[in-house]
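Hi there,

Here is the structure I promised to pass on to you. Have a look at it first, and then read my notes below.

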Amino acid sequence: MKIIQTLFITATIGLACMKAAADVVEAGRTASQEKGCVACHGEKGISASPENYPHLAGQHASYLAHSLKGYRDGSRKHAIMNQMAAELSDDDIEALAAFYAAQDGLATATRD
């Protein structure tokens with residue numbers, strides 16, 4: 001009986017974590033539209049003009065969060081991004097990073 005209870009508790013916690021992660025990704029989708037990210041980086045992080053605005057889809061969440069925090073605090077310089085990130089909360093940054101990281105990225109070539 002104890003094994004069944006342990007498995008049930010473990011499964012319940014696992015499902016709760018998956019739901020929480022999905023909720024953060026959905027919050028990021030909403031934030032990407034409300035904060036204007038989609039205007040330059042595209043609906044799902046695939047930029048229509050990658051020479052000017054990088055693709056964000058499939059990037060590591062930690063990289064995206066670090067970059068946004070750098071733009072927000074001014075340690076990373078970009079005229080547009082410094083202004084855009086200045087209005088982001090830590091929760092916004094976490095959600096945006098999770099959303100873009102969850103998107104399918106573009107395939108990149110590998111060296112032979």
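**The largest pocket and its surroundings**

Helix H3 gives the largest share of the lining of the largest pocket, with 5 residues. Please keep in mind that this is a predicted model.

The pocket itself has a volume of about 520 Å³. Its lining is made of 28 residues, and the closest to the centre are His-41, Leu-56, Leu-68, Tyr-71 and Met-81. Two or more lining residues come from each of H2, H3, H4 and helix H5 (90-102). Sorted by class, the lining holds 17 nonpolar, 7 polar and 4 charged residues.

Next, take a look at helix H4, which spans residues 79-86. Which of its residues are buried? They are Met-81, Asn-82 and Ala-85. These three lie on the same side of H4, because they cover an arc of only 105° around the axis. On the face turned away from that buried side you will find the exposed residues Ala-79 and Gln-83. Helix H2 (37-41) and helix H3 (61-73) are among what covers the buried residues of H4.

Is Ser-67 buried or exposed? Its relative accessible area is 7%, under the 20% cut-off, so Ser-67 counts as buried. The side chain of Ser-67 makes a polar contact of 2.6 Å with the side chain of Arg-76.

Enjoy exploring!

Definitions and conventions. Residues numbered from 1 in each chain as written. Predicted model: local features only at pLDDT ≥ 70, side-chain atom pairs only at ≥ 80, totals over all residues. Heavy atoms only, no water. Buried < 20%, exposed > 50% of the residue type's maximum accessible area, 1.4 Å probe, protein only. Helix = DSSP H or I, 4+ residues; strand = E, 2+ residues; numbered from the N terminus. Arc of directions from axis to C-beta. Contact = heavy atoms within 4.5 Å. 1 Å grid on protein atoms, 1.4 Å probe; cavity = no way out; pocket = protein on both sides within 12 Å on 5 of 7 lines; lining within 4 Å. Points joined across faces, edges and corners; volume = space filled by probe spheres on them. Nonpolar A, V, L, I, M, F, W, Y, C, P; charged D, E, K, R; others polar. Polar contact = N/O pair within 3.5 Å; in protein donor to acceptor, adjacent residues only side chain to side chain.
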